[in-house]
Amino acid sequence: MKEFLAKQGFLGTHGTMGADLSYISAVLFTALFLLGWYQGKKHKGNVHHSLTLWGMITMLAYFTSYYLFRQLGVFALEGRSGFGGPDWVYNNIFTPTITIHILLVTFGIVIAIYLIVLGFRASVKENGKRFLKEEALHVKTKNFCITLLSILALLGLLAFIRCSSFRCYIVYLVGFLIVILVFAFEKIMEKVLTNGAKRHRLLGKLTMIMYLLLLITSTITYLLLYIIYTPQIPEG
Ligand code: HEM
């Protein structure tokens, strides 16, 4: 898989297969989310639900290829070895952009998982049509604790069975933190916005703005790395 992703990409730039695939999936998931938003606005709850679910699946694929195979985040944090442009562009444009981008991706995943779960909890399907319920939405403390502890226990078990390297444990640790963050977010949002439908609409709109910023930052990163300048080392 690593060899395949390190091959020359298909977009006709200096990008590798991994770079091109991750960029295309970023465009795709943003398009799916935006199209999903448009359908939600038109009160087509069913289509909205399918499009956002596919957006989420594409986003997870993007996250995996981008960070596990291309290691762009590592480039940005550990030095400028993969970047072919001058120092001032690296320091003043590339590094701030990639830092904002990594923060957006991390938060984007948390909020997307949260919204998908909220979408199911806050909506009902009647006569084949899904719509949001305009009522207070709380999770019972007992259910909250059982769900959180079960997911954490499952992740811990998976890490114990599968991991033999430090890097693998780090990936699971990030997973642990994301799950805790999603659950903490739910508790805070329950107090700030009691109505489940309003919560879903407001956070949904904020998420859409975040995805647009994410697309802009990944486009700038791709342009700087593979079109405007030539990468200095082969990507893998
Ligand atoms: C990342 C995931 C999601 C995001 C970002 C999101 C975002 C949104 C937004 C922004 C709206 C309001 C549209 C508007 O009036 O401007 C909305 C409405 C809605 N969402 Fe979601 N949503 C997500 C996932 C889901 C899921 C998984 C479901 C169902 C299982 C769902 C069910 C609904 C329903 C039923 C509406 C109301 C449509 C209507 O007004 O009739 N959403 N969503």
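Visitor: How do α2 and α8 run relative to each other, parallel or antiparallel?
Guide: In this predicted model, the axes of α2 and α8 cross at roughly 160 degrees. Angles over 145 count as roughly antiparallel, so α2 and α8 are roughly antiparallel to each other.

Visitor: And how far apart are those axes?
Guide: The axes of α2 and α8 come within 10 Å.

Visitor: What about the hand of the α2 and α8 crossing, left or right?
Guide: That crossing is left-handed.

Visitor: OK, who actually meets whom between α2 and α8?
Guide: From α2 you have A19, Y23, A26, V27, T30, F33, L34 and W37. Across from them, α8 brings M208, Y211, L212, L214, L215, S218, Y222 and Y226.

Visitor: What's the make-up of the α2 contact with α8 by class?
Guide: There are 14 nonpolar residues and 2 polar ones, with no charged residues.

Visitor: Let's stay with α8. How does α5 pack on it?
Guide: Helix α5, residues 87–122, packs on α8, residues 196–228, at an angle of about 150 degrees, and their axes are 8 Å apart. That pair is therefore roughly antiparallel too, and its crossing is left-handed.

Visitor: And by class, what's in the contact of α5 with α8?
Guide: That contact has 21 nonpolar, 11 polar and 2 charged residues.

Visitor: Switching to the ligand: how many residues surround it, and which are the closest?
Guide: The count is 26, and the closest are G40, H43, G45, G119 and G204.

Visitor: Which elements supply the shell around the ligand?
Guide: At least two residues each come from α2 (17–41), α3 (45–70), α5, β2 and α8. By class, the shell has 11 nonpolar, 11 polar and 4 charged residues.

Visitor: Last one: how do α6 and α7 sit together?
Guide: The axes of α6 (residues 141–162) and α7 (residues 166–192) come within 10 Å and cross at roughly 175 degrees. That makes α6 roughly antiparallel to α7.

Visitor: Which residues make the contact there?
Guide: On the α6 side they are L148, I151, L152, L155, L158, A159 and R162. The α7 side has C168, Y169, Y172, G175, F176, V179 and F183. By class, the contact of α6 with α7 has 12 nonpolar, 1 polar and 1 charged residues.

Definitions and conventions: Residues numbered from 1 in each chain as written. Predicted model: local features only at pLDDT ≥ 70, side-chain atom pairs only at ≥ 80, totals over all residues. Axes fitted to C-alpha atoms, helices over the stretch in contact; angles between N-to-C directions. Helix = DSSP H or I, 4+ residues; strand = E, 2+ residues; numbered from the N terminus. Parallel < 35°, antiparallel > 145°, perpendicular 65-115°, else oblique. Left-handed = near helix turned anticlockwise from the far one by under 90°. Nonpolar A, V, L, I, M, F, W, Y, C, P; charged D, E, K, R; others polar. Near = placed C-beta within 6 Å. Contact = placed C-beta atoms within 7 Å.
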